[in-house]
Amino acid sequence: MVFNDTTNKNGLIQECETWLFGSDYGAISGNSSMLLTFTRLLNYGLDVTVGEILKTDGKWQYDDSNNTDLPIATTTLTAGLQNYTLDLSHLKIHGVDVLDSEGNYQPLKQIDYREIRQTRQSDTEFFETDGMPIYYDVVGDQLKLYPAPSADDVTTTAGLRVVFQRQPDYFSSTDTSVEVGIPRMFHDLPALFACNKYAKANSLGDKARELDNELAIRKQDIKNFLIIKNYTQKKS
């Protein structure tokens, strides 16, 4: 499903017009103010949909199909530098690797501040001598390496590699043929979430309850789909 299809009436905007305005096509697409409002609501709906997917995905990691690259980032390591700033669009960190002095990426183990405290050391004393990083911790937008890398143990260029999940590709009000970057059977979900929020904000009680019921069914559909998908991948 595309964002806005005024010709074939097969877009997210038209789905919202069907739910809220009795297929009065143009109630949103033909009104610049409403189009801006529903662009915002649909981006909200996309966020909530992706959140539902992230709750249940396992072996299969979701990534918006509009992206043209893989969710893998590399950056330069600096000898003696422990903290590296993450892109806030990274919703989940799946793995962190460091390039050793022989040019091979070595996976790091995630550690939490509480686990460090259990060693009876503060985070400032934990692996305080620079060397080959073994652990990483994520604090806010900071990725902390333990120990900090030493020039003798790592390759600095593209020395830090992060595998992540990122935020969806958001819509603009001027979009038309841009597709929803989630599995096709769930393309209508951002519209359902958008319509539900609009209905509640505008005291459309009956419509909000109808949408609540529909969303409960569709959320379960997500869980069932991903359970089957993950099970199939595990067997293969």
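Predicted model: local features only at pLDDT ≥ 70, side-chain atom pairs only at ≥ 80, totals over all residues.
Helix α1 covers residues 12–21, and helix α2 covers residues 32–56. The two helices pack with their axes 11 Å apart. The angle between them is about 100°, which means that α1 lies roughly perpendicular to α2. On the α1 side, the contact is made by L12, I13, C16, L20 and F21. On the α2 side, M34, L35, F38 and L42 take part. The contact residues of α1 and α2 comprise nine nonpolar, no polar and no charged.

One of the α1 contact residues is a cysteine, C16. The structure holds zero disulfides, and C16 is accordingly in none. The nearest cysteine sulfur to that of C16 belongs to C195, 3.6 Å away. A disulfide requires the two sulfur atoms to lie within 2.5 Å. The sulfur of C195 is therefore too far from that of C16 for a bond. C16 has a relative accessible area of 0%, so this residue is buried. C195 is buried too, at 0% relative accessibility.

The sheet is open and consists of four strands. Their order is β2-β7-β6-β5, and the pairing is mixed. Strands β2 (83–85) and β5 (109–110) form the edges. Each edge strand pairs on one side only. Strand β6 spans residues 135–139, and strand β7 spans residues 142–146. These two strands pair in the antiparallel sense, over five bridges. Within this pairing, Y135 stands opposite Y146 in β7.

Conventions:
Residues numbered from 1 in each chain as written. Heavy atoms only, no water. Buried < 20%, exposed > 50% of the residue type's maximum accessible area, 1.4 Å probe, protein only. Pairing = 2+ DSSP bridges. Axes fitted to C-alpha atoms, helices over the stretch in contact; angles between N-to-C directions. Parallel < 35°, antiparallel > 145°, perpendicular 65-115°, else oblique. Contact = heavy atoms within 4.5 Å. Nonpolar A, V, L, I, M, F, W, Y, C, P; charged D, E, K, R; others polar.
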